[in-house]
Amino acid sequence: MSKFWFRFIQFQITSGSLHTKNTLNKMSKRSSFHRAPKFKPEVKAANNRPKYSVTMSSRKEKVQVLPEPIKSVSDKKLYKTIRLENGLTALLISDPSRQFIADENSSSEEESSGSDESSGAESDGSKSGQSAASDQHGSKKRSEFDEEKLAACALSVGVGSYSDPPEIQGLAHFVEHMVFMGSEKYPKENEFDSFIKKKGGSDNASTDCEITTFYFEIQEKHLPQAMDIFSQFFVSPLMKKEAMQREREAIQSEFAIAAPSDSNRKDQLLSSTFPAGHPARTFTWGDLRSLRERVAGDERLHAAAHRFRARHYSAHRMTVAVQARMELSALEQYVVNTFGQIPTNKLPSDDFSEFAFKPEMVSPEFKSLYYIKPVSDTTEVHLTWCMRSLISEYESKPHQYISYLLGHEGKGSLLSYLKNRIWALGIYTGNSESGIDYTSMYSLFSIQVVLTKDGLEHVDEVLEAIFSYINMLKKIGPSERIYKELKTIEETSFRFEAESQPADYVESLAENMHFFPPEHYISGDKLYYKFEPQRITELLDCMSADMVNIMILSNKHSTPIHYDAKEEWFGTEYKKIEKPKAWLDKWLNVEPYKDFHLPEKNIYITTNFDLVPPAPPYLEEAEKLGVDLKNSSVKDIHKKVSSSERDTKVLTQGELMATVNNFRLDQPNLLRKNRHMELWYKPDFKFRLPTALLYFYFITPLSLRSPREACLIDLWTDVMQQGLKEEVYPANMADLAHSLYVSDKGFTLKVSGYNQNLHLLVALVGRSVRAGARSLPRALFDAVRDVRARTYHNVLIKPHKLAKDIRMNILLEPYISPRDKAAAIHNITLADLQDFSERLLDKLYLQVLVQGNMPWHEAIKISENVLDTIKWEPLAENEFPEVKVHRLPLGERKIRVRSLNPSSTNSIVTNYYQGDATTPKHTAALEVLMMLMEEPVFDVLRTKEQLGYSVFSMMRYTFGVLGFSVTVNTQVDKFSVAHVEQRVEAFLKKFARDTRRGGERALAAARHALTQLKHTTDYELKEEVERNWREIVSREYQFQRLFIEAEAIEQIRLADIKSWIDDHFSSGNKSHFRKLSIQIVGNKPKDENEISDEKPKNLTLYYMEGNEDSVENSADGTDADFIKDIDNFKKDLPIIDVPKVELAQC
């Protein structure tokens, strides 16, 4: 998504702490913001796999070579574009780093016939923005590995949901699911996913409006076989009737998960305003109504799916992108051998030309004003214009120019004006370049304003201000200076672009290949090629008040809205009216306000891209060890460093000096350690780009003291973000990013980008932090407090978030729930916040990590300048906040509560099994166990039993304590949580029995795949930095964790796995069996025609018991098993002892 798409404060909760992030998004085909759903089916799995051996015959055919794509100067990969005889276009990407040579005739030596449960590992991993309390720990998150590289392949078909027959809506999405269900050559259902997971990879697919994309990644040695299995989905898929019935249920569950999203609901309502018969009116998701109830029998659906595939899944409408560390010639042969077999029908794609945009085609319904009842606690106004298709205008990108100016947050901007009147706190503008926004027929341009309570009362004036700003742009006309500034920023970004993850990269390119000529496959959605002012002017002329769709979402209207209509598919309640004539007349004639002006010249644009050489001690150490810093792998450097003795190094620059004990080339070194701070530093040897990352963790004893103070630090961070917006926005636009958010023990500042001006950005934020909330207007405080209260509410009405909140509430000490904060926040005053602002900065401890293209002495100066600016006193040893973990009692306990979202039928069951304080051996055993479990847990509970769409097992690493969980997202009208919980236990019993019977050879396959994953390379510096940062903020400082874990995994034997199962599973000896089942019960679906006057419910937990069946259809357990009061249950639980690391001062 483009940085010109939008800028807004995004609130994100993790582990009970709300993160406030200033998000800077990048527009691309792989946008995280989709106006229409891009369906992401869970990775599927199957048992009974054959022993694979690559036996592809080499096909000979003449390929047409197309122009090579333009690439960045920093991109060392080799590219070749070819078109096969069947019309398929393929982009071959050869990564020259340590080329891998595949043996086509070798079979996989670690394949096993001894166990059907060996599989790849599932992991969400700890995301970079998450706090340390996030206990998702995984073996497969790519940022956790080093050395190996995954190969990846994507295939995109030029058909999507807009080709659904009107009588079977959701058919394209359904076919996307079905083609994965086996082929004539590989007939076993989900055979591909089984193979992929066992080899440490993953696969997925997405259905968009006019394209459908499938992709996978895998260890490179298995790429040829994976391509063969994958390609057969498009050569001769089976799409059997029995699989059809199960996948239809999966689509229904997928839709049920998506249904409570206000964004999805609004988009479907917007789609319904298109004229009858227009493809945009399609219900793209599909559900049981569209795929069963409105279809005359399963035979008809089965036949329609096969017809759709035969008509549209033709080779000449397909694009393929494949990347590996192999020669281009080898990749070409693999593509010919596999995708060359796909048949072609040479039929044209559906002709949508009759629906090409014309102003007179915009319906009166589209041009109306809608009041929408939201599911979440939100207050927003959305404006949407329909305009011509912009796909062909990628060289000038006129919509991005307009989006950049409308979404600007600096001085003279629309948001600045609205914020100064306390009418709005955030704005989103532009086009997501995907989904219903960006089609071959039309494009949509949107403005979304997040309103305050006062802004809602003045919504007509907010809208007037928007039209005033648009009229200013029309009067001034397109500015070549602004356009050149955007062009320069994007060219610089492209020039120094970090490498993408292979799966993401091939997926993006395969989609781009449908829209751009070969030379622009890589750069088409990124660069500005030419300034075409006339195109900008034409779009601005489209953006008139009489042609706009307006949607107002809120449950805070001073005069209640009587919703009198309901959208067909999502059941969204709304009221449609014509725009009031008085409003419309003002909007059409408003003059530009004097407050508005174009942005000034951006002073943060980087001009110096020189690379900083490593300091002499680094070069001396490298020479002593025989290490080539530029070309040696991380693994090589680690081996040589580990086998040598540690030295003390003294770094000097003028009068500045740093003494480093235990100096190492393969990890950050500690340059400063005193009572105020610790500073870790590591230059970048690998990527050598003119960028750096600076991370600061401000630890305060106030963060975990009480719900009131937890609210105050949330509010303080929100206020900091609002105060910084105007000043920091130009820096963000120049690719100097910052985020400021609350963490478990304080607040975190992350700054990254081109190193030339990073110190200016840090200094700017430091001054703002020191100024605090002294000059904060009361009205702005009230608005920020209201948004923060909404955030607590919106987090907790999501069942999976509530499940995590309850689990953490039970396990952690101390823990402050958003429920507690929601109860406290409205009693906090501006005076309270101003007092807290001073107390917060009085006593702190700072952790700093600096990595990248920055000299060590600059890192010290920046860190010490932060201290000089904020001026804090050090913490006493007993003031350091600590989060501890309760030991669960032996046996099992359950907690069952009603979902806090009255509009959601979604139920969640998470069975959590607690281990002990982590050790390398126990961690390794559990990681292997999770890898063995991942495939069968999905196959049994999702594919076979159809308990829900989202089913996964996960390793948990909770503040140094191991554990694992199995989670199922079901619906209350489908299965009771009691039934789901029982089926999870039944699965684990069978899994334990099968694993005990498995042989060492089955274990060897999992060990090998895990070890390879641990050694997968970092694709960008940020991955290494985030990994090091987790070690610092957790104060564990195990910078060599990946190597330690890989070595421990190699030592795991079947006896270790059996021991873990016996100790921690209910089917074993139960000596360490500690289980907590968290069950969130969804609410019954409402009648389709019912218009509800239900008010949002409060956030008090409603505990349910095993014999309570008001919603449930079965009972389980005894009352003694159920927790009915969290605080009472946990008050006498012991704490698990987790060793801590102490650093010496330097």
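Two strands pair if DSSP finds at least two bridges between them. Keep that in mind for this tour of a predicted model.

**Stop 1: the sheet.** Select strands β20, β21, β26, β22, β24 and β23, listed here in their order across an open sheet of 6 strands with mixed pairing. Now look at β20 (669-673) and β23 (737-743): each has a single partner strand, so these two stand at the edges, with one side left without a neighbour in the sheet. On average, neighbouring strands here are turned by 15 degrees against each other, direction ignored.

Stop 2: For one of the contacts, pick leucine 670, whose bridge partner in β21 is tryptophan 680.

**Stop 3: a helix on the sheet.** Next select α19 (residues 707-733), which packs on the sheet and touches β23 and β24 (746-754). The direction of α19 makes about 180 degrees with that of β23.

**Stop 4: a covered helix.** Move on to α30 (residues 1041-1050), where 7 of the 10 residues are buried. Among them are Leu1042, Phe1043 and Ile1049. To see what covers the buried residues of α30, show elements including α26 (920-944), β30 (950-958) and α28 (1000-1014).

**Stop 5: the cysteines.** How many disulfides are there? The count comes to 0. Select cysteine 542, which is in no disulfide: the nearest cysteine sulfur, that of cysteine 386, is 8.9 Å away. Cysteine 542 is partly exposed, with a relative accessible area of 23%, whereas cysteine 153 is buried at 0% relative accessibility.

Methods:
Residues are numbered from 1 along each chain as its sequence is written. This is a predicted model: local features need pLDDT of at least 70, side-chain atom pairs count only at pLDDT 80 or more; totals for chains, interfaces and linings use all residues. Side-chain values use heavy atoms; hydrogens and water are left out. A disulfide is a pair of cysteine sulfur atoms within 2.5 Å. Buried means under 20% relative accessible area, exposed over 50%, partly exposed in between (1.4 Å probe, protein chains only). Helices (H or I, at least four residues) and strands (E, at least two) are DSSP runs, numbered from the N terminus. Contact means heavy atoms within 4.5 Å. Axes are lines fitted to C-alpha atoms, for helices over the stretch in contact, and angles run from 0 to 180 degrees between N-to-C directions.
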